[in-house]
Amino acid sequence: MFKDRVLFIDGEALVIDKPAGLPVDRPRDRAESLEDLLDQLTFGFQRLPVPVHRLDRDTSGCLLLARNPKALKRFAQAFEAGAVAKRYLAILEGEPALDSGTIDLPLAKVSTREQGWRMVGDPRGKASITRYKVMERKGGRSLVAFYPETGRTHQIRVHAAEGLGAPVMGDPVYGRGGPAMMLHAVELTLPREGKDDIHATAPLPVRFHNAGFGPGFGRG
């Protein structure tokens, strides 16, 4: 499953192009998750790799895994320090008023019996900052690049819906839902002292092309 989805590999790091629909952690519905498939990602090592961060179930793209405990600790510290550069692409239902800018909207978690839990903009919440740039506008929708400077749960999805007034196409929680959520982690860079940067770029999935944006290649 993952042989053609490896974007970067060396002795301490592995970056894969996670498919949409695959949870990183085992979900409550007990569906198959990346956790169940880690034995396919050892590539000669006895130790299973460990995801350093998370992507939402319906988000595809660059996911970093550590191949040993020391690397896991260093990579986690890099994420905590905001030293990891990430770029996402999303198709939005709507068009931002400006071509580029910064969304500074603190986020907090709320939960109700009717809707379950979700993240909302809240001035008392945790600091959450995302830069964005509109790449293309077409038919009332837009292709937007997002550069999160913090790593809150559902950050880009809430910042698109509340900060820009244009939810991610197909978002089942903050938008109108649909067959697929159009959010893809396209690029990740993690600097390392004394070694080359960990750098990976994930091809734009074919579902973006099918929605009218992006080149006619990629993966689902």
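In helix 2, the buried residues are Gln155, Ile156, Arg157, Val158, His159, Ala160 and Ala161. Buried means under 20% relative accessible area, exposed over 50%, and partly exposed in between (1.4 Å probe, protein chains only). This is a predicted model, in which local features need pLDDT of at least 70 and side-chain atom pairs count only at pLDDT 80 or more, while totals for chains, interfaces and linings use all residues. Residues are numbered from 1 along each chain as its sequence is written, and side-chain values use heavy atoms, leaving out hydrogens and water.

**Helix 2**
- Helix 2 spans residues 155-163 and is mostly covered, with 7 of its 9 residues buried.
- Helices (H or I, at least four residues) and strands (E, at least two) are DSSP runs, numbered from the N terminus.
- After helix 2 comes Gly165, which has a positive phi near 70°.

**Salt bridges**
- A salt bridge is a side-chain nitrogen of Lys or Arg within 4 Å of a carboxyl oxygen of Asp or Glu, and the count by this rule is 19.
- Arg74 pairs with Glu12 in one of them, with the closest N and O atoms 2.4 Å apart.
- This pair links distant parts of the chain, 62 residues apart: Arg74 lies in helix 1 (residues 69-80) and Glu12 in the loop between strand 1 (6-9) and strand 2 (13-18).
- Arg74 counts as partly exposed because its relative accessibility is 40%, whereas Glu12, at 6%, counts as buried.
- Arg26 and Glu35 also meet in a salt bridge (3.0 Å, N to O).
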